[in-house]
Amino acid sequence: MDNSEEIAQRITDIIISPDSAIGLVHGILSVPVDLGYLAYGFFDTDSYHAHETETIRIIESIKRGILEHDRITDAIQIILNDFNKYVSESEKNKTYSRSFFSVVGRTATNTVIAGKVAIAIAQGTSFFVKVRGGVIGNILLVGGMKESCSRSNRRNPWWCISLVFVILCILF
């Protein structure tokens, strides 16, 4: 990609793609699943200790600096280098489109739902109440994603990468 027109054309191809709609729908449909995992983690007292240990492991990793800018940058650089080396251009565009719009769909859907719940609870329609409800809802969504990650990481450890990606998108 030598010039800006090629770069702009590739960005347009990624945004205006059927895969972006698939990613958006996936993001929208994943919100109830994550909130369900949050509720399941609250009520499942039989395996509380095992999942609490998983939570402590995640917190300890964060304390040790797993989310430091340099480490994240290095990890992303390694992953993207390998990804660019082995994946075709059309598969890259498909993956970028689905991933980006999945995060957008998840965050937007949860913000709308949490804002409506906050307005219903507060009995008011203030913009401040709606925004605060959306922020709290997204924090709860991350908690649900953590529950889902800790329950499924034994079967699929790569799923936890999406949790880190979503947390980074919310933080930055």
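## Model and confidence

Residue numbers start from 1 along each chain as its sequence is written. In this predicted model, local features need pLDDT of at least 70, side-chain atom pairs count only at pLDDT 80 or more, and totals for chains, interfaces and linings use all residues, while side-chain values use heavy atoms, without hydrogens and water.

The protein chain has a mean pLDDT (the predictor's confidence in each residue, from 0 to 100) of 76, and 85% of its residues reach 70 or more. Confidence is highest in helix α2 (residues 18-43), at a mean of 82, and lowest in helix α7 (residues 159-171), at 54. Helices are DSSP runs (H or I, at least four residues), numbered from the N terminus.

## The second largest pocket

The volume of the second largest pocket is about 160 Å³. Both α5 (89-122) and α6 (127-152) supply at least two residues of its lining, and α5 gives the largest share, six residues. Among the lining residues are L35, N110, I113, G133 and L140.

By class, eight lining residues are nonpolar, three are polar and none is charged; Gly counts as polar in this scheme, and Ala, Val, Leu and Ile are among those that count as nonpolar.

## A nonpolar surface patch

L24, V25, I28, L29, F100 and V104 form a nonpolar patch on the surface, together exposing about 500 Å² of accessible area. The elements that give two or more residues to this patch are α2 and α5. Helix α2 provides the largest share, four residues, and L29 lies in α2.

Patch residues have over 30% relative accessible area and no salt bridge, with nonpolar side chains joined within 5 Å and like charges within 9 Å. Accessible areas come from the Shrake-Rupley method with a 1.4 Å probe, and a salt bridge is a side-chain nitrogen of Lys or Arg within 4 Å of a carboxyl oxygen of Asp or Glu.

Technical notes
On a 1 Å grid over the protein atoms alone, a cavity is a set of points where a 1.4 Å probe fits but cannot get out, and a pocket is an open set with protein on both sides within 12 Å along at least five of seven lines; lining residues have an atom within 4 Å of a point. Grid points are joined across faces, edges and corners, and a volume is the space filled by probe spheres set on the points.
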